[in-house]
Amino acid sequence: MTVISESVKGMNGYKLHVVKTEKYKTNTLVWKMKAPLEKDTVTLRSLLPHVLQSSSSSYPTTGKLRSYLDELYGATLFVDLSKKGEYHVITVSVEIANEKFLSDQTPLLKKAFQFLAEILTKPNVKGGAFDPDTVEKEKRTLKQRIQSVNDDKMRYSNFRLVQEMCKDEPYALHVHGEKEDVDKITPESLYEYYQQALVQDELDLYVIGDVNEADAESCAGELLSFKERSPKTAPASVGTTRVSVNEVREEQDIKQGKLNIGYRTNVVYGDPEYYALQVFNGIFGGFSHSKLFLNVREKASLAYYVASRLESHKGLMMVMSGIDNSNYDQAVNIIKEQLEAMKNGDFTEQEMEQTKAVIKNQLLETVDTARGIVEVLYHNVVSGKEITLQTWMDEMDKVTKEEITEAAKKVSLDTVYFLTGKEAGK
Amino acid sequence: MEKITFEQLQEELFYEKLDNGLDVYILPKKGFNKTYATFTTKYGSIDNHFLPPGKNEFVKVPDGIAHFLEHKLFEKEDGDVFQQFSKQGASANAFTSFTRTAYLFSSTSNVEKNLETLIDFVQEPYFTEKTVEKEKGIIGQEITMYDDNPDWRLYFGLIENMYKNHPVKIDIAGTIESISHITKDMLYECYETFYHPSNMLLFIVGPVDPDQIMSQVRTNQNKKDYNEIPEIKRRFEEEPAEAAEKKKVLEMNVQTSKCLVGIKSKNAAQSGKDMLKNELSLNVLLDILFGKSSDHYSTLYNEGLIDDTFSFDYTQEQGFGFAMVGGDTNDPDRLADTLKKMLLDAREKGAISQETLDRTKKKKIGAFLRAVNSPEYIANQFTRYAFNEMDLFDVVPTLESITLKDVETAAGDLISEDRFTVCQIVPKK
């Protein structure tokens with residue numbers, strides 16, 4: 001069975017990835033720009049795609065630009081930022097209806113390519129600067145976006161854990177940048193940075209849908225062309241080993257305590273031990289059959305949510321749970337005991353099989369969406385490896401109990417962060 | 001088994017009503033890895049006043065019991081059903097809304113086994129005093145989690161403002177106090193009232209053989225004893241047309257304020273085609289007024305009154321309906337006043353051009369195509385539509401038929417000063 005058939009082709013300055021499938025009623029274009037995560041550029045990069053998507057030279061206002069998208073049967077334009085290990089990735093995606101499902105048969109895909117090219121290569125620029133009004137508005141929105149993490153306590157406590165844990169590493173930077181750096185950005189400096197990013201970033205274009213390779217290639221070749229480059233790579237993640245566990249406690253006016261625990265896995269995507277690490281995480285806390293769910297929630301009745309997840313490119317594992325402030329010690333102890341159990345090989349054949357089946361299911365489900373396909377394939381760009389989904393699943397299937405135990409032993413506790421409510425009488 | 005073909009969409013839907021009253025729908029999806037199935041009862045948080053089968057008196061049950069029951073169905077004498085599903089490579093879940101409780105799984109292998117597990121676990125309740133008590137701790141944490149979530153508080157605060165009596169104003173999970181009164185006997189009473197197959201719908205979407213799946217479901221149901229189809233009697237108090245409260249301001253531990261403007265619908269008794277037309281017309285209207293291509297959106301954004309959290313929606317079910325518009329803002333009062341004025345003007349001045357309407361309809365049609373890429377969307381929305389006597393696959397033809405007159409009528413029906421309400425979250429002083 002071929003799970004995804006991806007064809008990759010080198011273009012001028014970027015790679016074109018085409019995944020042909022007939023299962024969707026829409027076609028999707030995803031543009032990715034990747035650069036090392038750095039304090040000096042993180043805020044510029046966070047602002048950039050939001051300015052690009054607000055207007056362009058042919059559609060100089062948001063109203064005009066969005067009206068044009070509505071006209072194209074509500075084509076969507078969506079921008080996003082993410083951290084993948086020590087990289088900062090800008091994503092711009094366009095999704096458009098496949099006209100074969102419409103009564104109006106006007107071809108739409110070419111228009112989507114043209115539109116993406118317009119956004120990327122014909123921005124609303126005069127005299128070497130982005131439109132000042134647009135930049136001003138988007139700076140305001142960016143500040144609000146950065147600030148909003150404070151109001152969602154689940155996101156906030158996760159962000160704070162990473163900030164504490166990776167204090168002297170680029171990974172501690174917020175994906176949306178630093179609030180105090182926003183005001184330093186000018187329409188000129190942002191445009192200048194964009195020119196630089198177009199020359200230096202690693203660029204990838206994904207085309208997912210009922211598209212043949214040759215058509216995609218000719219559209220992309222005609223509309224998007226950049227200089228050749230050898231993209232900057234981030235310095236290898238070193239990940240400090242702590243002598244003693246870092247404990248951080250913060251008090252706020254909230255009802256539920258948020259417990260977030262960070263570990264170093266010392267294994268990243270592409271390492272031979274990565275598959276065993278994934279199975280380990282699944283048995284330990286990834287699912288609703290896992291040890292954490294069973295022991296923290298079902299047995300001790302301490303939490304509604306408790307789970308662990310991996311940051312595959314950085315080599316981190318995070319446990320998160322919402323608990324009553326007074327149950328901190330009990331919850332932390334149970335979580336520690338469960339990790340010890342994993343290190344001692346205290347898990348059954350059945351837990352292993354169950355977890356492998358569920359991870360395999362999860363991977364196959366992920367690639368049922370265009371977005372999921374890109375997510376899975378992009379791991380290879382970030383890591384510089386070539387691992388197909390089939391290899392991923394086969395390797396995971398072969399993982400033995402010993403390998404899982406070994407992976408567990410490599411996991412070391414780094415930081416325990418607790419966002420606690422104000423206790424009565426204090 | 002009946003086969004319904006949707007030529008434009010290139011989809012086929014298979015349907016059968018079983019002898020015990022269960023509606024079964026199967027939508028084969030070629031090329032997908034995953035099969036997604038939902039088993040849904042028309043029973044949600046609003047169904048808190050009813051006549052249990054074989055009883056003479058109506059009962060009122062504690063707030064949050066439908067959601068509590070949803071949690072408890074997963075637990076069986078020999079452990080919990082999540083374990084069973086994951087052994088079979090599936091992921092399972094459930095959710096409770098105002099009007100529905102849905103149980104679901106998705107899997108890329110062992111579909112028959114997983115389907116059997118889904119149907120059987122929902123149809124074999126096992127409640128004990130001990131497990132009910134244990135669940136109170138877990139759901140207590142779920143409630144506390146939502147208590148700290150400003151968007152959730154804003155949303156429910158707005159609904160609470162609109163309704164005086166209708167149970168839609170009750171938080172779906174209830175409160176720690178209300179769930180403390182729940183007993184195993186109450187759970188059985190709710191279960192027996194609302195979980196008869198004749199009140200339920202099973203939807204399966206994925207790379208499946210419809211004949212085989214239908215025959216499996218038929219065999220499963222024939223083995224079970226569901227002879228009598230009981231009539232469900234629900235009771236709702238009279239609800240005034242106007243909003244119960246004009247405004248509510250909640251102080252929370254936030255840095256950015258939030259503001260939603262709501263309008264209570266007077267068309268809440270609709271169902272079927274009328275409801276579909278009204279709901280779609282209002283969603284078209286809101287898109288014309290507040291979508292990213294609208295003048296209002298530009299005005300609000302340029303003035304710094306909204307950011308990218310801004311959203312709008314109209315939703316309607318049998319017995320309640322409301323529009324809501326808003327998001328994060330630096331000036332909640334000015335945003336509320338501006339939105340109200342924009343809405344009232346839309347009613348007074350009309351002034352929507354045919355061109356704008358056509359463009360918005362195109363946008364909505366494209367959005368529907370995008371949505372039906374998702375098996376989850378198809379199963380969940382088809383069920384919601386069916387429970388309101390509508391057909392999900394009528395969306396595109398209905399959108400195509402909407403005229404300026406329809407939008408104006410819907411706007412005239414909805415927008416009225418006395419049905420407006422505002423809810424705001426502001427930083428604690």
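Predicted model: local features only at pLDDT ≥ 70, side-chain atom pairs only at ≥ 80, totals over all residues.
**Entry 1. Annotated domains of chain B**

I began with the record. UniProt, in an unreviewed entry, places the feature "domain: Peptidase M16 N-terminal" at residues 63–175 of chain B. I computed the make-up of residues 63–175 of chain B as 54% helix and 16% strand. The end C-alpha atoms of that span are 7 Å apart. The UniProt annotation "domain: Peptidase M16 C-terminal", also from an unreviewed entry, covers residues 182–363 of chain B. For residues 182–363 of chain B I found 43% helix and 22% strand, with the end C-alpha atoms 46 Å apart.

**Entry 2. Aromatic pairs**

I counted 48 aromatic pairs over all chains. I then looked up A:Phe293 and B:Phe82, whose ring centres are 5.8 Å apart. Their planes stand at 80°, and planes over 60 degrees apart count as edge-to-face, so I recorded the pair as edge-to-face. This pair crosses between chains: A:Phe293 belongs to helix H10 (residues 291–299) of chain A, and B:Phe82 to helix H2 (residues 81–87) of chain B. I noted both A:Phe293 and B:Phe82 as buried.

My next pair was B:Phe290 with B:Phe310. Their ring centres are 6.2 Å apart and their planes meet at 70°, so this pair is edge-to-face. I located B:Phe290 in helix H9 (residues 272–290) of chain B. B:Phe310 is in the loop between helix H10 (295–302) and strand S15 (311–317) of chain B, so the pair ties together parts that are 20 residues apart in sequence. B:Phe290 has a relative accessible area of 0% and is buried. B:Phe310, at 11% relative accessibility, also counts as buried.

**Entry 3. Charges over rings**

I looked for charged side chains placed over aromatic rings. The charged end of A:Lys153 sits over the ring of A:Tyr156, at 5.6 Å from the ring's centre. I also recorded A:Arg249, which lies over the face of A:Tyr328 at 4.7 Å from the ring centre.

I followed three of them in chain A.

A:Asp181 forms a salt bridge with A:Lys39, and their closest N and O atoms are 2.9 Å apart. I placed A:Asp181 in helix H6 (residues 179–182) and A:Lys39 in helix H1 (residues 39–52) of chain A, so the pair ties together parts that are 142 residues apart in sequence. At 10% relative accessibility A:Asp181 counts as buried, whereas A:Lys39, at 43%, is partly exposed.

A:Glu222 forms a salt bridge with A:Lys110, with the closest N and O atoms 3.5 Å apart. I found A:Glu222 in helix H8 (residues 213–223) of chain A and A:Lys110 in helix H3 (residues 109–121) of chain A, 112 residues apart. A:Glu222 counts as exposed at 54% relative accessibility, and A:Lys110 as partly exposed at 34%.

A:Glu169 forms a salt bridge with A:Arg264, the closest N and O atoms being 2.9 Å apart. I traced A:Glu169 to the loop between helix H5 (153–165) and H6 of chain A, and A:Arg264 to strand S10 (residues 257–264) of chain A, 95 residues away. Both A:Glu169 and A:Arg264 are buried.

**Entry 4. A network with residues of both chains**

I noted a network of salt bridges that links A:Arg297, A:Glu298, B:Lys72, B:Glu75, B:Lys134 and B:Glu135.

**Entry 5. B:Ser45**

Last, I looked up B:Ser45, placed in the loop between strand S4 (35–41) and strand S5 (49–51) of chain B. With 10% relative accessibility, B:Ser45 counts as buried. Leaving aside neighbours within four places in sequence, I found B:Ser45 in contact with B:Ala66, B:Ser97, B:Phe98 and B:Ile172. I also recorded a separation of 20 Å between the C-alpha atoms of B:Ser45 and B:Phe382, which are 337 residues apart along the chain.

Methods: Residues numbered from 1 in each chain as written. Chains lettered and ligands numbered in written order. Heavy atoms only, no water. Phe/Tyr/Trp six-rings, centres within 6.5 Å; stacked < 30°, edge-to-face > 60°. Helix = DSSP H or I, 4+ residues; strand = E, 2+ residues; numbered from the N terminus. Buried < 20%, exposed > 50% of the residue type's maximum accessible area, 1.4 Å probe, protein only. Lys NZ or Arg CZ within 6 Å of the ring centre and 35° of its normal. UniProt positions renumbered as here; feature names shortened; annotations may be inferred. Salt bridge = Lys/Arg side-chain N within 4 Å of Asp/Glu carboxyl O. Contact = heavy atoms within 4.5 Å.
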